[in-house]
Amino acid sequence: MNLPREIHSFLRIFLVFVFLLVPSVFVLAEGVSPHHGGQLVLATTSDPKSFNAITAKETSTTLVTSYMFEGLTRVNGVTMQVEPHLAESWEVSEDGLTWTFHLRDDVQWFDGQPLTADDVVFTFQDLIFNDQIPNSARDIFTIDGKIFNVGKVDDHTVKFILPFKFAPFLWGMTQEILPRHVLKAAVEKGEFNFTWGIDTPPGKIIGTGPYRLVRYNPGERLVFERNPHYWKKSSEGDQLPYIEKIVYLIIQNVDVGLLKFLDGEVDSVSLRGIDYPLVKPREQEGNFTIYETGPDFGTNFITFNQNSGKNPKTEESFVSPYKLAWFTNVHFRQAVAYAIDKKKIIEIVMNGLGTPQSSSMSPSSGFFYNPDVHDYEYDLDKAREILKREGFVDHNQDGILEDLEGHPLEFNLYTNSGATDRVQMAGIIRHDLQAIGMKVNFLPIEFNNLVKKLTADFDWDAIIIGLTGGVEPHFGKNVWSSDGGLHMWFPNQAAPATEWEKRIDEIFSQGVQELDPVRRKGLYDEFQVIVSEQLPVIYTVLGNTVYAVRNKFGNLHPTSYGGIFHNLEEIYIKENYK
Amino acid sequence: MTKVEKPLSQFQIALQGFRRNRMAMACFWILVFFYLGAIFADFLSPYSFEMEDRDYSYCPPTKIHIFDEHGKFVWPYVFAMNLTFDDFHRRVYHEDSEKKYPLKFLMKAEKYRFLGVIPSQHHLWGVDSPGRIYLLGGDSRGRDLFSRILHGARISLSIGLIGVIISFSLGLIIGGIAGFYGGKIDEILMRVCEMIMMVPGFYLLLALRAAVPDNFNSVQVYFSIILILSFIGWAGLARIIRGMCLSLRTRDYVLAAKAMGLSDFQIIIKHILPHTLSYSIIAIMLSIPGYILGESGLSLLGLGIVDPYASWGNMLSEAMSIVHIRFAPWILWPGFLILVTVMCFNIIGDALRDCLDPKWKGAKE
């Protein structure tokens, strides 16, 4: 190189300077080639309840099983598209009813047995469609009471025959496959529900996943080790996964996790908005990076009880008739929607790290998200005006409106006492509702009691609660269809109570059979508009997902949908990380 | 004429002893101060416990200026505050120096009922809206911590007193009956006491709280908490009173009263229980903190007094996150006040023991 002398020496000085003061620049450059080894330490706040992937109900259980078990397909954490996994390819018949999956022939269970079509048939026929085994997958795979027909074609080919078209079928195929040769005996003896409980020696749990459990000390830690015979290879031909060991510390609460992260004991932590100002300034000195991946999927909303049913034992209405008249009045619900100060909720509860929500799908859910829905800006005057138009007037000047029959506008608002952010949110909403003339008795109760109210007792007026959301709208069917068990405002209806609920039912039964993505999106767009106009649930705000991760990992692609470690087998630890 | 010195009664001697204990007197005046603050909370606080200004979320204590921008000594004034978030999403408050809000005394502001009866609008001090004077800073939703502490004191401090009255009436009567009659009645009552004492206090508290219907409003919750706390508290006292009564009932004056035909109930109330008084007073003082802590514990867990009503316990629940303590340390004030109150009651209780219990005094001297 023929650089002028001055520049050359300047460059040299500059390089020396960089070398002395910012060695991490060179570390980054040197550590690019992936290699095996190292450990990943994470924290979780609750113990698993079992290691049984089929009967699992809680995220603390699925957290463990997700490392060890895999499905025929999986959803890419970045693109949110279904991609091949244990099945390398598939075909679908022209009528969309027959699906043929070709399994990989290099997949081994932890004990060395090969994965075959028998395992897939076993998982569906003997486990999921087995009436003796309670599991949530059955609800997804049952359409109008009909189940799939699953059959083996040869050792590595499985055929599914559907009763009718099922658009999210490939999503459903992310269902974990379990080993027939290990569990067959237990199913035959009727003991499957108690198999693979937390007292099982970790070595007995057989899956195909990238990691296997090697140690579980209750209340203390979970240790996973790399599966050396994992089927997946990187594009360079490296045997995956890279990281040798995963350790989960079981901690009492999220604050402890945060402190452990700041102390360097834990490699990654999910941050709440309120934690951000504590963690962000230490990014440099702590050698970690904060990833903000956009709005979360978990919603928070307020819903009013529209259940016109009666308690079969006492013959009393679940909701007094005059209250039911308010709650079923869409203008009443709209007035409430106008009284929700989303901007301040985001500031106060989430420290500014949140997104107002209007649509029933999260903005992060991509394709099916419809941003053009009815929006309710915070406007107390408008709310007052609507209530006045609907005949709610304060006749006796006590600050509380009365309806046309003179009943004071008073109701109970429940939420679960453990969730501090929800309690705070409820406090803000209650204050605004009081300002527009409603007397709201705020009653935080224990979560299990709240769920009991929602799903069994039905004796509530209003509830603030949240749901986890997803990308595939059909999986929200138990909430949105009028006969759904989680159709909170009026569950398990024999026939839809209102026109709009009827339309939503139609949309969901059409949507699941519509294989053309554009037409399918059109249906779910309409559904989101209906929900925003009729407001069976009044959305508040979505938190933004924020993760802090130590600068130790390569191949990291954090997203809202997948989190930090959705491509765990490809993630490696940089060689020179200190 | 020689002056006849009237001998001091036992009570006067005790009072003298108590007055000599400076520490206890200081605690006594602190408590008087707190209770007066609670009683006149509406008048003494610039805002109601419900007033919230969301632009003042976690606002630091308001700076009161007594020198103006030229360094001249002036009537105290404050500035309005503007909230912004910095790059780290920290709350940053700037004084808006455009308009001064002078401190006002006996100003008209939010309406309230003085002592719960007389409608009034006068607050001892404050500043004109939209200026805010938050002496101890603001909470998450921008409510004045000072005003809420005063209003919260009504609940936190009264629960101890009312609870203690209920549980001690129960404890004295049941202990008195058990000790006076002895035999089977004693047997049954004492086993009941033991059953209550057997269960760890806070768990019993949680269990009883879970039995309270969900749809109770705040006033009903307040009284149910008092009842629950008193239900837990009476058993220990009843046992000790019973022990004292066992020995008192054989005294001559009790036998004399019996011989004169007084009813059992009258004997217990007039002749036996008064002799347990000095012990009871000490026990009352030492057990009030238990009630205050019990309520705080429940409210801290979100099972006691709930928003929007203030109690020191539920105010402290905001301080359960390290982040909030780090950036808004003033939310620890209610905790500090609980500490001071509990300490005062304990010190006064100790001092009373010193001067009321002759045996104890003898041992000391």
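This note covers the interface between chain A and chain B, and then chain B itself, in a predicted model.

1. The contact draws 33 residues from chain A and 30 residues from chain B. The size of an interface is often given as the accessible area lost when the parts come together. For chain A and chain B the buried area is about 2700 Å², with carbon and sulfur atoms giving 58% of that figure.

2. Four salt bridges are found by the rule across the interface of chain A and chain B. One of them joins B:R54 to A:D432, where the closest N and O atoms lie 2.7 Å apart.

3. On the side of chain A that touches chain B, at least two residues each are supplied by α8 (254-262), α9 (276-279), α12 (342-350), β15 (410-416), α14 (420-435) and β16 (439-445) of chain A. The largest share, seven residues, belongs to α14(A). By residue class, this side of chain A divides into 16 nonpolar, eight polar and nine charged residues.

4. Turning to chain B, its secondary structure comprises 14 helices and five strands, and its C-alpha atoms fill a box of roughly 85 × 70 × 40 Å along the principal axes. Among contacts in chain B with a separation of 6 or more, 68% are between residues 24 or more positions apart.

5. As for accessibility, 45% of the 365 residues of chain B count as buried, while the chain exposes about 19100 Å², of which carbon and sulfur atoms supply 67%.

How values were computed. Residues are numbered from 1 along each chain as its sequence is written. Chains are lettered from A and ligands numbered from 1 in the order in which they are written. This is a predicted model: local features need pLDDT of at least 70, side-chain atom pairs count only at pLDDT 80 or more; totals for chains, interfaces and linings use all residues. Side-chain values use heavy atoms; hydrogens and water are left out. Contact means heavy atoms within 4.5 Å. Buried area is the accessible area (1.4 Å probe) that two parts lose on being put together, summed over both. A salt bridge is a side-chain nitrogen of Lys or Arg within 4 Å of a carboxyl oxygen of Asp or Glu. Helices (H or I, at least four residues) and strands (E, at least two) are DSSP runs, numbered from the N terminus. Ala, Val, Leu, Ile, Met, Phe, Trp, Tyr, Cys and Pro count as nonpolar, Asp, Glu, Lys and Arg as charged, and the others, Gly among them, as polar. Buried means under 20% relative accessible area, exposed over 50%, partly exposed in between (1.4 Å probe, protein chains only). Accessible areas come from the Shrake-Rupley method with a 1.4 Å probe; for residues, only the protein chains shown count as cover.
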